[in-house]
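These notebook entries record what I looked up, step by step.

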Amino acid sequence: MRSLRQLGFFLVVILWIRHCQGATELKKPNVIIILIDDMGFNDVSFHGSNQILTPNIDAFAYNGIILNRHYVPNLCTPSRATLLTGKYPIHTGMQHFVQIPDEPWGLPLRERVMPQFFRDAGYSTELIGKWHLGFWRKDMTPTMRGFDHHYGYYNGYIDYYDHTHHMLNKNYTAGIDFRRDLKRWHLDNGTYATEAFTTEARRVIEQHDKSRPLFMVLSHLAVHTGNEDNPMQAPEEEVAKFSHITDTKRRTYAGMISSLDKSVGQTMRALSDNGMLNNSIVLLYSDNGAPTLGIHSNAGSNYPYRGQKESPWEGGIRSAGAIWSPLLEQKGYVSNQVIHAIDWLPTLAAAAGVSLPNDLQLDGVNMWPSLSGNLEPQSRRLLHALDDIFGYSSYMRDNLKYVNGSTFEGRYDTWLGDLPAGEDDPHSAYYVQQVLSSEVQQVLGSRTLTNNRIEQLRSDATQRCPTNEQNHTQSVYLCQPLEAPCFFNLAKDPCERYNLANLYPLQLQLLEQEVNQFRLNAVESARIPKPDARANPAFHGGYWEWWNNTASCGSSNSNWSICNWLCKQQVEGRLADLLKRWCPNTHNQA
């Protein structure tokens, strides 16, 4: 009898321990990442601009932590790979360019990614919006790489309304690039992409089973351009709010930003209404700087920083960002801690209690204690870019920034996106009231966010180029990175105007040696820059879809000559139906 009582006691203890473990698991915080595409540092009003007001994003930033020195890779594909792997692009093979729709490559399958670790820890994992890490093989798509569900697109951009991606430089069909999981999805055709993704995010939140924590990446199309034949798209009612902006392209861009700002408010409201906000970590940032000019230019502004997207300068790699959570010990401040996209995997995993394998060899570090405690900024060494194919590099040790080479023959190496005087939003006179009456402020409702506090935070987050007695146009300070490497002291010269290479050549050599150490450990680029016509949506029912099992035009079958001819004609309509009937091996079976 005594042994039975002891056995019963031990069973009760075991059940109690398991109950406690389960309770602990339930306490894991929801992790929400709102990833913006191609937004300029100067395009959120918490950085000081009065041209485009972003009251919801600003309220989010003021209630949380403004990441004033947040760095990212300078292009979409490398930036997203870095977020999900916690590694520099040179350590994953993603350092060279972006994934082009008909190129057979992507993030190597050997790389384990953030949603896999969170799903293994019991999270429900969701990707809404853009992927851009490869889809030529089915096993490279999001739901094969750790996401339970994906609602969105595979390529770098789509039309905001009909959700097609059109390679205008190729004789390809304009294909629909929209999925729900692996299923082709057309039911939301005609819905503005920002609204479609926001509606899906709200649905996921509202229907979420709260017995499991949620990991969700809301990866917006905005404010990237759409297809090149109609790149700037925003709802008319949003564009109409910005009649004070004379440049029509910039005015449409403002409408795109305004729609995005509304989305942030609605997403935060959904988290609050479903009782999830009190145990959530929400991170918001842009994947890289805005492309003010050139390819896929959206008229965004990174001013006063130098350069733009796909450049080695601060304008391409310094990202507007903020983080909010009730789990942060200190909030409502501007952080000047240098932090990089490589840090988010170890940081969010540590904050959520998600264990990571010891063999990951991450480049990032856990910055949660530093951010949460508002600790004195730590010194960092960061590799911003190293592309030996295009021939440029960008590196930073503490405040010393090294640049060697550039992109587009240096055409965008200047200070772009300076906004004209006299184009302030008429509502900017009531800026503080706009923030305090925003949907995000109603949800977060911090009483410490007073008028004076908003003005102080905004001032602290506004970047100005310090005055210097020396004229930066003097020849000794000129930087011509296509001819010789340069370096700058960002503590005194955040706008990269005073090249110090001629004054301190030994320091330049040291920085160059440190870059070469990174080069020694770089893996080969994963990019395969060979277009594959089998990707043409004409062979996949008018959709962009994995094509590795699609037979080439010369495949052997009884009608090979007819098939070859039809395939080469890139046929559509009734001829396309004949192609499918006669030549089953020349198109992919969905």
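**Entry 1: a helix pair.** In this predicted model, I looked up how helix α2 (residues 55-63) lies against helix α7 (residues 248-273). Two packed helices are described by the angle between their axes and the distance between the axes. I noted that the axes of α2 and α7 come within 7 Å and cross at roughly 55°. The helices α2 and α7 are therefore oblique to each other.

I then asked which residues of the two helices meet. From α2, I listed Pro55, Asn56, Ile57 and Phe60. From α7, I listed Asp261, Lys262, Val264, Gly265 and Met268. Sorted by class, the contact of α2 with α7 has five nonpolar, two polar and two charged residues.

**Entry 2: salt bridges.** Side chains of opposite charge can pair when their charged atoms come close. How many salt bridges does a search of the whole structure find? I recorded 29, and I examined some of them individually.

**Entry 3: Arg80 and Asp287.** I found a salt bridge between Arg80 and Asp287, with the closest N and O atoms 2.9 Å apart. Arg80 belongs to helix α3 (residues 76-85), whereas Asp287 sits in the loop between β11 (280-286) and α8 (314-317), so the pair ties together parts that are 207 residues apart in sequence.

**Entry 4: Arg110 and Glu111.** I looked up a second salt bridge, in which the closest N and O atoms of Arg110 and Glu111 are 3.5 Å apart. Arg110 is exposed, with a relative accessible area of 55%. Glu111, by contrast, is buried, with a relative accessible area of 4%.

**Entry 5: Arg519 and Asp388.** The side chains of Arg519 and Asp388 meet in a salt bridge at 2.8 Å, N to O. I placed Arg519 in helix α14 (residues 505-520) and Asp388 in the loop between β15 (381-387) and β16 (392-397). This pair links distant parts of the chain, 131 residues apart. Arg519 counts as partly exposed at 29% relative accessibility, and Asp388 counts as exposed at 51%.

Methods:
Residues are numbered from 1 along each chain as its sequence is written. This is a predicted model: local features need pLDDT of at least 70, side-chain atom pairs count only at pLDDT 80 or more; totals for chains, interfaces and linings use all residues. Side-chain values use heavy atoms; hydrogens and water are left out. Axes are lines fitted to C-alpha atoms, for helices over the stretch in contact, and angles run from 0 to 180 degrees between N-to-C directions. Helices (H or I, at least four residues) and strands (E, at least two) are DSSP runs, numbered from the N terminus. Angles under 35 degrees count as roughly parallel, over 145 as roughly antiparallel, 65 to 115 as roughly perpendicular and the rest as oblique. Contact means heavy atoms within 4.5 Å. Ala, Val, Leu, Ile, Met, Phe, Trp, Tyr, Cys and Pro count as nonpolar, Asp, Glu, Lys and Arg as charged, and the others, Gly among them, as polar. A salt bridge is a side-chain nitrogen of Lys or Arg within 4 Å of a carboxyl oxygen of Asp or Glu. Buried means under 20% relative accessible area, exposed over 50%, partly exposed in between (1.4 Å probe, protein chains only).
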